[in-house]
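Please read the following walk-through with the sequence and the coordinates side by side.

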Amino acid sequence: MGIYTTVMDEVALYTGLSPTAFFTILAMMVVVYRTVTNMFVSPEDYNKPPVVSTRGNIRFDDDAKPAAEPVQLGEITEEELRPYNGSDPSKPILMAIKGQIYDVSSARNFYGPGSPYAMFTGKECSRALALLSFKPQDINGNLEGLDESELAVLEDWEYKFMEKYPKVGQLVPSQRTQQNEHKEQIQDNFDVGKEEAK
């Protein structure tokens, strides 16, 4: 019992704290030290691959569908682009920037129905992206009146989309599409006439 009393007296004399306060602080320091050191990787473990915990709600579905190949649409009009807004689950989610159409289906949580950027899908949205605007009147392809900094913002968006999403088509004016259909009809009629002449 003499050693215990001597140690307690020395702790009180040396630290100016009661033995209870001293040991409480010492225990807290040990807990903080262990917590902080566990936040960092030890040099031995630095080059080891990370370990994934299976305790979470990770679900492995055997029935999971592989990502579908993007459907190439070619040249379409804005009217033909509108149905690709995510409302029909059998169709991809598409949006256009500077006339180029991108399949953003892989980011359904950002562009699907009810998501933060759903208003851009099925539309040409260059102006809204350049202005960083969510206003419906800005969701169009009109770049008139934009300054250099706004065009630079749009270019950044365009590069991000080029890197992240597949390009599946190009927007054309509706007048041009009607002209192409008319040319195809003429060509078909011409081909039919050649067949009948033989």
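The paragraphs below describe a predicted model, element by element.

Begin with helix α1, which covers residues 2–15. Just after α1 comes G16, with a positive phi of about 80°. The UniProt record, an unreviewed entry, places a "transmembrane region" at residues 12–33. In the model, the chain over residues 12–33 is 86% helix and 0% strand, and the end C-alpha atoms of that stretch are 24 Å apart.

The next topic is the sheet. It is an open sheet of 4 strands in the order β1-β4-β3-β2, with mixed pairing. Its edge strands are β1 (74–76) and β2, each of which pairs on one side only. On average, neighbouring strands are turned by 35° against each other, direction ignored. Strands of a sheet pair through backbone hydrogen bonds, either parallel or antiparallel.

Consider the pairings of β3 one by one. Strand β2 (residues 94–97) runs antiparallel to β3 and is joined to it by 4 bridges. These two strands form a hairpin with 2 residues between them, and K98 in the turn has a positive phi of about 50°. Strand β4 (residues 167–171) also pairs with β3 in the antiparallel sense, over 3 bridges. Y102 of β3 can be followed across the sheet: Y102 is the bridge partner of M95, while in β4 the bridge partner of Y102 is K167. For I101, the bridge partner in β4 is G169.

Which way do the residues of β3 (residues 100–103) point? In a regular strand the side chains alternate between the two faces of the sheet. In β3, Q100 and Y102 point one way and I101 and D103 the other way. All of these residues are buried.

Helix α6 (residues 148–164) contains E158. Is E158 buried or exposed? The relative accessibility of E158 is 11%, and buried means under 20%, so E158 counts as buried. Leaving aside neighbours within four places in sequence, E158 is in contact with I97, K98 and Y102. As for the helix as a whole, α6 packs on the sheet and touches β2 and β3. The direction of α6 makes about 140° with that of β2.

The nonpolar packing comes last. In soluble globular proteins, nonpolar side chains tend to be buried together. The largest nonpolar core here has 17 residues, and within it Y111 and F161 touch the most other members. At least two residues of this core come from each of β2, α5 (126–131) and α6. The largest share, 3 residues, is supplied by α5. Not counting residues up to four places away in sequence, Y111 touches I93, M95, V104, Y117, A118, T121, F161 and Y165.

Conventions:
Residues are numbered from 1 along each chain as its sequence is written. This is a predicted model: local features need pLDDT of at least 70, side-chain atom pairs count only at pLDDT 80 or more; totals for chains, interfaces and linings use all residues. Side-chain values use heavy atoms; hydrogens and water are left out. The expected span of a helix is 1.5 Å times one less than its number of residues. Buried means under 20% relative accessible area, exposed over 50%, partly exposed in between (1.4 Å probe, protein chains only). Two strands pair if DSSP finds at least two bridges between them. Contact means heavy atoms within 4.5 Å. Axes are lines fitted to C-alpha atoms, for helices over the stretch in contact, and angles run from 0 to 180 degrees between N-to-C directions. A nonpolar core is a set of buried Ala, Val, Leu, Ile, Met, Phe, Trp, Tyr and Cys residues joined through side-chain atoms within 4.5 Å. UniProt positions are given in the numbering used here, feature names are shortened, and annotations may be inferred rather than shown by experiment.
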